[in-house]
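Student: I have this model open and want to go through it. Can you take my questions as they come?

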Amino acid sequence: MKKQIHLNAFEMNCPGHLAHGLWAHPEDERTRYKDLTYWLELAQLLEKGKFDALFLADVLGVYDVYGNGNDPAIRRGVQIPANDPMMIIPAMATVTQHLGFALTASTTYEQPFAFARRMSTLDHLTKGRIAWNVVTSTLRSAANNHGLDKPVGHDDRYEVADEFLKVCYKLWEQSWEDDAVVKDWDNHLYTDPDKVHFIDHKGKYFSVAGPHLSEPSPQRTPLLYQAGTSAKGSEFAAKHAECVFIGGHRPDVIRRDVEEIRRKAVAFGRQPEQVKTYGLLTVVTGRTKEEAERKFADYSSYFSEEGALLHYSANTGYDLSAYSDDEYLEYVPTDHGQSLAALFTKDAVKPQTVGEIKKALSSIGSRGLLIVGDPEEVADRMEQWMVETGLDGFNLTQVVTPGTLQDFIELVIPILQQRGIYRREYGTESTLRQRLFGGQDGKLPAEHRAIHISRRELGHDAIPQSK
Ligand SMILES: Cc1cc2nc3c(=O)[nH]c(=O)nc-3n(C[C@H](O)[C@H](O)[C@H](O)COP(=O)(O)O)c2cc1C
């Protein structure tokens, strides 16, 4: 069988995700984001397109780096207003049977005990269709919203994240044995206390006694996503992530990152195929190339350059308003996102002036791969990039919502299906993890550190909660 393309839709619970300014386009329905019907329709559309999952980004503060102020982001609607991504999932799960939901949540500002319970709840309610995009949060504004004067430093955030995951693994994987819940009506025994364990975690950042409050969910640990390919980021991904989301528009650089993550995963005792990689992709298509190009020109006339600049500034820590256009932007490690900081600096083909970077950012889809073309051309390019980069699939972003996805599903999906590189129907697998990785029970494989760390630390020593 030919290598299959995996597809997620990349979205956010807000009127302005990545296509800055496009909320004003007459065909765009993004401002309906507060309506549950908007999300139900989107979920049903994605299931019609046989997508793996809806991937929901999130942010926990205003993008305030550009010109050191909040107003531009608020004025342009750049990821503010933004509602909670978790809340919309159960409703979408009721109108779908197969679609997965990948939810972004931060290890810097969540508390692992409460978070693990909310994720288990979602995994139960969706019958094993939940994924977690593990982020560490970069913004000062987010730090200020959570009791800190400044963000935790870049590498330290990953250290916190590592311990956060360890706590979650203990709660998800070891606190409850598979057969703890007996529901023995005759003996009035709901759960066998000997099979529910404290975790008694006492670490540098977290102290959690347990036991987990939720009984084991179909996947136990939700499918784990990560994005961010700095040295620390890719090490974290290689240790923990089952799916890695890689930004950027240069296939050779994406290939480098894909190979790096797989190499590091092997060094952590995992199989290279236990990590799937996804690129960021924007597709504008129509029945003909001319139609696609006409649409792109129309959409571009709504695109907000200021929105793109302030988003980039906040993500990288480089305040583009503080440079003159003829200055060359040099890569300096930042406490923000180092992979995005590298995109137009050390990962660029040649040194770029700030003016050149601004121009590039002013185009739709500049942070990732972009295709404007007829459906055959789109399918060709996707296939070509899968080969060139080694990616397993794409997170598709929308320009006009839901028109971008409607076009893609109506025009491109049938071609991918005819070429034998995309499913015609969902399989019989019951969880999201099984859809991506196969396996018997939807749980993490034994090689994953969640299993051996939590077993080693708790395993035989786990203390029944009744003692
Ligand atoms: C493609 C992509 C998508 C991301 N989505 C989010 C997101 O939704 N929310 C968030 O807080 N951070 C997001 N990030 C930021 C990363 O999670 C990470 O914190 C950041 O890139 C810093 O890591 P790095 O230095 O390893 O790149 C994203 C990063 C990339 C590359």
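Student: Is Lys 127 buried or exposed?

Tutor: Lys 127 counts as exposed, at 62% relative accessibility. Buried means under 20% relative accessible area, exposed over 50%, and partly exposed in between, with a 1.4 Å probe and protein chains only. This is a predicted model, where local features need pLDDT of at least 70, side-chain atom pairs count only at pLDDT 80 or more, and totals for chains, interfaces and linings use all residues. Residues are numbered from 1 along each chain as its sequence is written, and side-chain values use heavy atoms, with hydrogens and water left out.

Student: Where is Lys 127, and what is its phi?

Tutor: Lys 127 is in the loop between α4 (112-125) and β4 (130-135). Its phi is near 55 degrees, a positive value in a residue other than glycine. Helices (H or I, at least four residues) and strands (E, at least two) are DSSP runs, numbered from the N terminus.

Student: And what about Arg 220?

Tutor: Arg 220 is not a glycine either, and has a positive phi of about 55 degrees. It sits in the loop between β9 and β10 and is buried, with a relative accessible area of 6%.

Student: Which prolines follow a cis peptide bond?

Tutor: Pro 81 is joined to Ile 80 by a cis bond, with omega about 0 degrees. Another cis bond, also with omega about 0 degrees, joins Gly 210 and Pro 211. Pro 81 is in the loop between α2 (71-76) and α3 (89-94), while Pro 211 is in the loop between β9 (207-208) and β10.

Student: On to the ligand. Which residues come nearest?

Tutor: Asp 58, His 154, Ser 230, Gln 338 and Ser 339, out of 19 residues around the ligand. To be near, a residue needs a heavy atom within 4 Å. By class, the shell has 5 nonpolar, 13 polar and 1 charged residues. Here Ala, Val, Leu, Ile, Met, Phe, Trp, Tyr, Cys and Pro count as nonpolar, Asp, Glu, Lys and Arg as charged, and the others, Gly among them, as polar.

Student: Which helices supply at least two residues of that shell?

Tutor: α6 (154-174) and α11 (338-343) each do.

Student: What does the backbone of Asp 58 do there?

Tutor: A polar backbone atom of Asp 58 is 2.7 Å from a nitrogen atom of the ligand. A backbone N or O atom of Gln 338 lies 2.7 Å from a ligand oxygen, and one of Ala 227 lies 3.2 Å from a ligand oxygen.

Student: How far apart are Ser 230 and Ser 339?

Tutor: They are 5.3 Å apart in space, C-alpha to C-alpha, and 109 residues apart in sequence. Ser 230 is in the loop between β10 (223-227) and α7 (231-240) and counts as buried at 8% relative accessibility.

Student: How many disulfides are there?

Tutor: The search of the whole structure finds 0; a disulfide is a pair of cysteine sulfur atoms within 2.5 Å.

Methods: A polar contact is a pair of N or O atoms within 3.5 Å; within protein, one must be able to donate a hydrogen and the other to accept it, and residues adjacent in sequence count only if both atoms are side-chain atoms.
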